[in-house]
Amino acid sequence: MRHPSFLGVVAVLAALCVLGGGVLVLDHQAKEHLAKGVRIGGVDVGGLKPAAARAKLRHELLPRLHRPIIVHHDTRTFEISAKTARITVDINRSVDEAMARSQDGNPIDRALRQLTGGRIHASIAPQLRYSHKAVTSLVGWVESSLARPARDASLRYTGTSIAPVSGQIGLAVKSDALQANIESTLERGSGSRTFVVGTRKIMPRVTTAQLAKHYPAVITIDRSTYQLRLYRDLKLAKTYPIAVGMIGLETPAGLYHIQNKAVNPAWSVPNSPWTGKLAGTVVPGGAVNNPIKARWLGIYAGAGIHGIDPSEYGTIGHSASHGCIRMRIPDVEELYPQVPIGAPIYIA
């Protein structure tokens, strides 16, 4: 007859064998199924065998991945198809990765999960590919369509008037954030394919309210009526009679800015036929043979505003100069301190 202690050992060993066998059976069953709680691209495939998981992904995941990519901004919509974005997914690899995650833990852990219905809460990104170039092109399309530079308020000129032109608020597109958002969504294989692009306003440096401060003095020249108009704080301050360039040596038309100023300036004589023996020389300021009297406001390429000898006052109101704008000495002396370097001058 067996000793009781021996029988106890046998019973324990038998129980362990039964338990071990049960663990092996449960572990084997666990290895044949994806663990509960596993999701691929947002699709719940927990508890399914690989073949069933693949079938479910084809049915639920593929249609979602084939949706277009849509970007909204206010009333504007930009869209590319999944085909254009070259979106593809490797379902087999996605399921293989999910199966590998399902084997986390040791045999006892897996057996207990199988026995109790435990979950591992694993979210697997599908093995998805897409064209980065296509996404970049979409973002570039959005940016080129929406972005605009800020435009400063400015002035519209004629020979007889100036008028404010309103500025424009610019718009910058947050392109990097949009591209990162689209690509991270595609890589996850879940989430909405519709995006709202972020933008940022760019304010102009000069607003309409700041125009008067920005343009404290403006000059317009009307060659047809031989008049110079001075505007202070965008309001007409005074009109002066002038002479302008003769035929063949016309005062240049267009928008310029006062480049330099001088009191009783020297005259750098141009190398032109009309200057005769003085060509290429410098005549000191105040010299009798210096035609630039009293003041000089340089405009462009040797042309400028200057006073003339009283003996030439009769040329005022005519096209008589060699390209410069002539003024009577009292007029140019009055004008000079009111016009800073950089002030606009429009010649019509």
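Me: What average pLDDT does the protein have, and how many of its residues score at least 70?
Reply: Glad you start there, since this is a predicted model. The protein averages a pLDDT of 88, and 86% of the residues reach a score of at least 70.

Me: Where does pLDDT stay under 50, and how many contacts beyond four places in sequence go with that?
Reply: Where pLDDT is low, the predicted coordinates should not be read in detail. Here, residues 9-20 stay under 50, and the model gives them zero contacts beyond four places in sequence. Residues 22-28 are also below 50 in pLDDT, but that stretch has nine contacts beyond near neighbours in sequence.

Me: Thanks! How many helices and strands are there?
Reply: The protein has eight helices and 25 strands. Of the contacts with a separation of 6 or more, 64% join residues 24 or more positions apart.

Me: And what share of the residues is buried?
Reply: Of the 348 residues, 37% are buried. The accessible surface comes to about 18800 Å², with 57% of that belonging to carbon and sulfur atoms.

Me: Now a helix pair: at what angle do α5 and α6 pack?
Reply: Helix α5 (residues 132-146) packs with helix α6 (residues 175-188) at about 145°, and their axes are 10 Å apart. Their crossing is right-handed.

Me: Which residues of α5 and α6 meet?
Reply: From α5 come His132, Val135, Thr136, Leu138, Val139, Val142 and Glu143, and they meet Ser175, Leu178, Gln179, Ile182, Glu183, Leu186 and Glu187 of α6. Sorted by type, the residues of this contact are seven nonpolar, four polar and three charged.

Definitions and conventions. Residues numbered from 1 in each chain as written. Predicted model: local features only at pLDDT ≥ 70, side-chain atom pairs only at ≥ 80, totals over all residues. Heavy atoms only, no water. pLDDT = per-residue confidence, 0-100. Contact = heavy atoms within 4.5 Å. Helix = DSSP H or I, 4+ residues; strand = E, 2+ residues; numbered from the N terminus. Buried < 20%, exposed > 50% of the residue type's maximum accessible area, 1.4 Å probe, protein only. Areas by Shrake-Rupley, 256 points an atom, 1.4 Å probe, with all protein chains shown as cover. Axes fitted to C-alpha atoms, helices over the stretch in contact; angles between N-to-C directions. Left-handed = near helix turned anticlockwise from the far one by under 90°. Nonpolar A, V, L, I, M, F, W, Y, C, P; charged D, E, K, R; others polar.
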